[in-house]
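The entries follow the order in which I looked.

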Amino acid sequence: HKHLKANISLSFESGMGSECVVFEPLPYPVARRDNNVVDNYHGVAISDPYRWLEDPDSEEVKEFVKLQMNVTESVLMDCDSREKLRASITESFDYPRYGCPFRRGNKNFYFHNPGLSPHRILYMQDSLDEEGEVLLDPNQLSKDGTVALRVYEISHDAKYLAYGLSSSGSDWLTLQVMRVDDKTIEPDKLSWVKFTSISWTHDTKGFFYCRFPAPKDSQHMDAGTEVNVNHNHQLYYHFLGTKQSEDILCWDNLENPTHILETRLSDDGKYLLMNICQGAVPLNKFYCCNLSTLPNGLEGHNREVILPFVKVVDDCEARYDVVANDDTMFTFLTNKEAPRYKVVRVDLKKPDVWIEVLQESKKDVIESVLPINRNQMIVTYLSDCKHVLHIRDFESGHLLHMLPIDIGSIDYISARREDSMFFVKFSSFINPGVVYRYDLKPTGPNSKVLRKIVVPGFDQAEYQVNQVFVHSKDGTRVPAFIVARKDIELDGSHPCLLYGYGGYGISLTPSFDNTRVVLARHLGVVFCVANIRGGGEYGEEWHQAGSLANKQNSFDDFVSVAEYLVSNGYTNPSKLCIEGGSNGGILIGACINQRPELFGCALAHVGVMDMLRYHKFTIGHAWVHEFGCSDNEDDFRYLIKYSPLHNVRRPWEDPSTKATQYPSCMLLTADHDDRVVPLHTLKLLATMQHELCTSVKNSPQVNPIIGRISRKSGHGCGSSTQIMIDKSVDCYSFMVKALGASWIG
């Protein structure tokens, strides 16, 4: 394969339409196919010739990755806009960014990135008016920015900071402790921690956290590259100054090894609260433990016995999140018989009597409820994908004040029940961010701007945002946001980037992205976000309408938005790029299989591409309630219809489609992605290259099908600024070349 970097060139012909960009065929490496690997799914034989790509430690897999990256780099080297994009995107990241202040004890804490630092820095201050002092700078922990701060909690008295660090983007964390006053790092070090919060007890003797048992052969493992399944999430309590082996096991349920735990301490420090989740969907049991009833406290607790939890809700039929408690009276946000959520209350002394405090809205979704000013609550509603803020009475739920905010997103609210002051961070597609300080005075709320985030050279007056509603295949009204420079002519000539997700009840709301600004300013790109079913934009019904056997609705919605962009003159198929990540990666994989003629380019990040085997790796079992499982025959029947890996077809052999080939495709993954493991992308990449290219003489598929496998990075959380810049440069220079876009200014 020494010739891989040679003779790889991309040539262009002028003119509009789907044939305006002409590529030379690429010399893809031929991957070995093992046709002996065949699985029987409920009487259906399914071959899996690239099963060998599931072993990340195999030398053959490493060679496959190396050869693929040679092809990819050769393509990227021929992208004329790459270095211009690198300079512009790097410059676009170089502006100060601030988070919301939050209070612990009598101190304020906040995050700040001055611009191009790999990671944001944690600061502390006694007063909001004084200059902040660095408490923890993750950028000092590694030379290349691969160590990231992923979880943190400051003790109730602000004496200690417990924090979790990840390496190379892995979900595995190592917990450490720092003394706040002198920044001394304590000797405590806790390993094999994953999917956890940290909850200090109010006596500051220690904290609760969640972990998995250490994997086999963990001493010799490059954590994050393994594919072993993660089972038996456990809850522990760690006493400061002791070894991890001495930690108290507080909850362990070997009968349900796939359950995931979410824990925190109640604000009064009295109760340990635990959500037991069946995977990643919004359904959980709710248990609590009154720590004050332990006869000898945590120190004297029998380590052979788990804590005595009270099973308040012992089924997984709805989502329950504790808002606050007054002794035994607990207030919850729930979607029980309320798909757009409601606020309810129950006394643990009368667990069968539930009182409705704030009823479900007829249209809007209650996204969050936070107690404030002792007897009030901040309620965030999602109204047609935009946020609305209310101050309501805590006891009755009655509306007290509507807080005026622009059309956009509430990114973060920092509030404590004992305070009358709270902080809100707001942003939108054309607003980089504002941090507001609110004071709830007897005369009404008083607001002031604490920090306004400014991006040099960006003028929001040059851009416009429109929200449109598109009718999907079954007539469902699907919202989408379209962001473009003002006064563009709708003549179908513009490059367009369409983004979607559509899963787990996660809502896509307006957010600022400096990279999109670069694409709009220098390449005339129109940006669109499709709020497709599977998300949470209209509550749990909207989510369920795009999950399990209804997953095809997500793809239909996305395709309908793409067709709208074309029919209304924003773009044309040869100028339309689609992008999504993780669950959104499935979306991209399914759409290019189903409608290859509709797109000019596709960017699929860390996608779940093998829908028949995803549950067998790391945390994949947590997604069964979202997707279904091929072990179940009914689930298999619908999974096989859209699984990206199993539906790659030669469009030129299909008389029902107008396509002559797939769009230009870049499939992205990372070597330390231990959430959606790289094998998904590698198997789809090998399958597409074989089916569309290497197995066909003079194949019509000349649009490139390439993979980008980044090193020392993961699913996306904890990525350094440089890793984000490098990925954006590669993705969008590829997109620019594929769409035939021209550099402006």
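What follows are my entries, one topic at a time.

**Entry 1: the model.** I am working from a predicted model. I keep that in mind for every value below.

**Entry 2: the annotated span.** I checked the record before the geometry. UniProt, in an unreviewed entry, places the feature "domain: Peptidase S9 prolyl oligopeptidase catalytic" at residues 510-740. I then looked at that span in the model. Its end C-alpha atoms lie 28 Å apart.

**Entry 3: α2 against α10.** How do the axes of α2 and α10 cross? I took α2 as residues 82-93 and α10 as residues 721-739. The two axes come within 9 Å and cross at roughly 140°. That angle makes α2 oblique to α10. The cut-off matters here, because only angles over 145 degrees count as roughly antiparallel. I noted the hand as well: α2 passes α10 in a right-handed crossing.

Next I listed the residues in contact. From α2 I have Arg82, Leu85, Arg86, Ile89, Thr90 and Phe93. From α10 I have Thr721, Met724, Ile725, Asp726, Ser728, Val729, Asp730, Tyr732, Ser733 and Val736. Sorted by class, the contact of α2 with α10 holds eight nonpolar, four polar and four charged residues.

**Entry 4: α2 against α3.** I stayed with α2 and turned to α3, residues 514-523. The axes of α2 and α3 come within 9 Å and cross at roughly 135°. That makes α2 oblique to α3. The crossing of α2 past α3 is right-handed.

Which residues make the contact of α2 with α3? On α2 I find Leu85, Ser88, Ile89, Ser92 and Phe93. On α3 I find Asn514, Thr515, Val518, Leu519, His522 and Leu523. The class count for α2 with α3 is six nonpolar, five polar and no charged residues.

I went back over the two lists for α2. Leu85, Ile89 and Phe93 are listed in the contact with α10, and they are listed in the contact with α3 too.

**Entry 5: α5 against α6.** I moved on to α5 (residues 552-567) and α6 (residues 583-594). Their axes come within 10 Å and cross at roughly 70°. α5 and α6 are therefore roughly perpendicular to each other. Their crossing is right-handed.

I wrote down the residues that meet. α5 brings Gln552, Ser554, Phe555, Phe558 and Val559. α6 brings Ile586, Leu587, Ile588, Ala590, Cys591 and Gln594. By class, the contact of α5 with α6 has eight nonpolar, three polar and no charged residues.

**Entry 6: Thr476.** Where does Thr476 sit? I place Thr476 in the loop between β34 (463-471) and β35 (477-485). Its side chain makes a polar contact with the side chain of Asp474 at 2.9 Å. The Thr476 side chain also makes a polar contact with the side chain of Arg533, at 3.1 Å. I then set aside neighbours within four places in sequence. Thr476 is then in contact with Val470, His471, Arg533 and Trp542.

**Entry 7: positive phi.** I looked up two non-glycine residues with positive phi. Asn373 has a phi of about 55°. I find Asn373 in the loop between β26 (365-372) and β27 (376-383). Asp384 has a phi near 50°. The loop that holds Asp384 runs between β27 and β28 (386-393).

Note on methods:
Residues numbered from 1 in each chain as written. Predicted model: local features only at pLDDT ≥ 70, side-chain atom pairs only at ≥ 80, totals over all residues. Heavy atoms only, no water. Axes fitted to C-alpha atoms, helices over the stretch in contact; angles between N-to-C directions. Helix = DSSP H or I, 4+ residues; strand = E, 2+ residues; numbered from the N terminus. Parallel < 35°, antiparallel > 145°, perpendicular 65-115°, else oblique. Left-handed = near helix turned anticlockwise from the far one by under 90°. Contact = heavy atoms within 4.5 Å. Nonpolar A, V, L, I, M, F, W, Y, C, P; charged D, E, K, R; others polar. UniProt positions renumbered as here; feature names shortened; annotations may be inferred. Polar contact = N/O pair within 3.5 Å; in protein donor to acceptor, adjacent residues only side chain to side chain.
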